[in-house]
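Here is a short briefing for you on a two-chain model. Have a look at the sequence and structure first, then read on.

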Amino acid sequence: MTTTNPSPSTFAPTIARGDFPAWLPAMLVKELRQGLRARGFVGAFIGFQVLMAIVMMVGAAQSMLGSAQARALAFNTANGFFWTLITVQLLLFTPGRALGSLQLEVTTRTVDLLLLTRLNAWRIVTGKWVSLMVQAVLLLVSILPYGIVRYFAGSVDLVGDARQCAALLGGAGLLTAAGLWGAGLGKVIRILGVVVGVFIFGGARGAITAFTSGGLGFAGIRWAPGAQSLVWFDGALLIAFFLVAAVRNIAPPAENHTLLARALPLAALLPVPVGAILSGPSVAMTAQLMFAGFFLLLVCMTQLASYDLPMSVHFRSARRRAAGLRVFLRMTLPGWPSALLYTLSGALLWLLGSALLRIPGGPGIDLARASWLAMLMLTGLIFPCVVMAIAPQKARAGAGVYMATFVTAGALAPLAYALVSMSSKIATLKTVVAVLPVSSAIFALVEPDAVSAGQVVAQGVVGLVVIGAAWWQARFYWQHLTGLELRERREATAVTAG
Amino acid sequence: MSTTVPFLAVRDLVRRFEGVRAVNGVSFDLPAGAVVGLIGANGAGKTTAMRMLATLDLPDAGTIKLNGVNIVEYPNEVRARIGWMPDHFAPYPDTTVADYLDFFGRAHGLRGADLARRLDEVADFTDVRVLANRPMDKLSKGQTQRLCLARTLLNDPDFLILDEPAAGLDPKARLEFKNLVRVLRERGKTILISSHILSELGEMCDTLILMDRGAVMHHGDTSTILRGGKGTTCLMHIVVHGEVAPLMQWLALRPSWKVTEELRNGARAEFTGGDPEGLATELRRLVRDGVAVVDFHREERRLEEAFVEMLREPPVL
């Protein structure tokens, strides 16, 4: 091998001490360097400029030569192009690039090389997300001068436009995070996601305009005071949720990201007591409680569907902690038994939130009904774990068994409705299905007043049986954990003795 | 750390894929500073085993300890010490060679002057400095492999795992690569290399591990394997002056000899008589019995022959 003499260092310009990239995370620097050179970015940048320049010139010519009507048409055309380009860029182009970006790392296995450095899955995913958002902002900023030029063609609400841009950026952040998560899914699901995304895109502009102007976009409904701030807060939590989901797709088993995933719905619950204490119960707080409930449901489902077993590295940090903290850290381990503890605790916290909103004079929540609903939800969430535990070992990988059980059990409710509507002779079918896991929760949501006292008792019994069975089946997990702890302790003792 | 602890200790490693045991109870130790070749046909389990050693895959059973640290349970503690060069290399689009190495240097936590120094070292060692501003997807196979090795060396790892590093290289690039491995060995790196080009492994490696159907068939030093595995068999090349017939008759009468090839001026024969002393006695007798021997020497088997022969034998336990 020949050795080249160290002539003026070819690498030096990029690594000078104190250079700008030295201040930024490695993954972000790499993604920005790659992204800003990519044909997609450069092409979009030039294309948008050319298109807007042409639209503006045509508009200016029409304004100077034409009538007032022609001037209005020119303004509307320029306005339409301006917002369409921004919307396409932020809500289609950027999330699409996110989908391709992480997928490429996974399919070419370059992600293996990244994970052997000091980068972990979280840094990889967030590096990509931040880079894509920076590129989106750069493209947006490059088009903004045309937005100001529109001012000369007609009346432009600069503050309103800025709010719309911010809302579009928020939407782009959410969809880009969803795109990064989607990169780890199957091809068919990805294609379906893109098709659905394109359809949603059709209504996205209207929804964002309505949101920034203080309405819901239909039936003249206005946002409750404080609700818009909560939407921003919840949007940020959803972005974090999608990023954590993307991280889980690429993270090696030794990395444990369950703590953040499980903390997010609890963070969504946080504004409820704060709001209730500071300003009393309100519609916004009730809506937040509902959102936190659905968010908790979603996260619990994803966590309970995992049959992973903890590794020593996951609880190493817990070894020297106080007993109380160690119990808490047991709720942050991968695998459904740990998620079971978390689900029960989460449901309890949600009920406490409900109780706080039950202040006389407020919009109120029926605590008994909320508890009953929480119990049915818990039964529905935990029942697939019981099935998963008795399923063949090979079938447990992935969330297949959990989701299939959940969907099948849930499908019994509409099926019973359909059959009973065809023949009243089998009305008892509905009575039976109304006490089964998952479908009982659907009945409770659709027809809360149609459930008899006997059915409620039966639902309670079914719930206790399901939770008890899951608790019993979770023994293997805790025994595995104890075994790992004992081995660790033995090895530590041997090292000390040696 | 006690000196009795092997640098790498692999015990009863098992990895299943959909019911098939891709790696089936693999155990071996590697001393520090050794260059070890991993040989096996396609599907023998080499890459699966290497991925587990590189902490990129989890075994279903078994332990791997690197300097006493269980890397199955604590992969993050040893990753900085491992250099992994996969069998395929996907270049990043829109990235130059300099940017690529710069990124991986930063990803390993290097900054400023340390990063510059390390980049210069690996760029000179692997001769990629001249490629610095080239897009990495426009490199030849040999250049790509050099870049890949440069990336692998950035964190100055103790343990290098090279999966098929010479695949697709032309003869010149192969020679260069062999030289690089030689230098790395001199620098005290422990290297595990897999390759289909067995003759090259024979030249580069101190020890060879032969894998078949997920199991270790043989594990021993290269010279022993080339001389005939257990040392009980050796191949002799005997040259005579004049007629070959007396030699052939003599060999046919001796039970410890088996003619493998009759040559124009002699024969190639396998001696299965045991130790070197037995062989010396036989050669003395050959001369004493009047065969006009002008030359005899021990022949090494080619690694391919040794590999095929060993596949017929039961695996080591």
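In chain B, Leu66 stands opposite Val69 of β5(B). This is a predicted model, in which local features need pLDDT of at least 70, side-chain atom pairs count only at pLDDT 80 or more, and totals for chains, interfaces and linings use all residues. Residues are numbered from 1 along each chain as its sequence is written, with chains lettered from A and ligands numbered from 1 in the order in which they are written.

**The sheet in chain B**
- β4 (residues 61-66) and β5 of chain B pair in the antiparallel sense over two bridges; pairing requires at least two DSSP bridges between two strands.
- Both belong to an open, antiparallel sheet of four strands in chain B, ordered β2-β1-β4-β5.
- β2 (20-30) and β5 (69-70) of chain B each have a single partner strand, so one side of each has no neighbour in the sheet.

**Chain A**
- Chain A has 21 helices and zero strands, where helices (H or I, at least four residues) and strands (E, at least two) are DSSP runs numbered from the N terminus.
- Of its 498 residues, 37% count as buried, meaning 20 or more other C-beta atoms, placed from the backbone, within 10 Å of a residue's own.

**Where the chains meet**
- 41 residues of chain B are in contact with 35 residues of chain A; contact means C-beta atoms, placed from the backbone, within 7 Å.
- On the side of chain B that touches chain A, α4(B) gives the largest share, eight residues.

**Domains of chain B**
- An automatic or database assignment sets the domain bounds, giving domain 1 (8-227) and domain 2 (229-301) of chain B.
- The C-alpha centres of these two domains of chain B lie 42 Å apart.

Notes: A residue is buried if 20 or more other C-beta atoms lie within 10 Å of its own, exposed if 12 or fewer, and partly exposed in between; C-beta atoms are placed from the backbone. Two residues are in contact if their C-beta atoms, placed from the backbone, lie within 7 Å.
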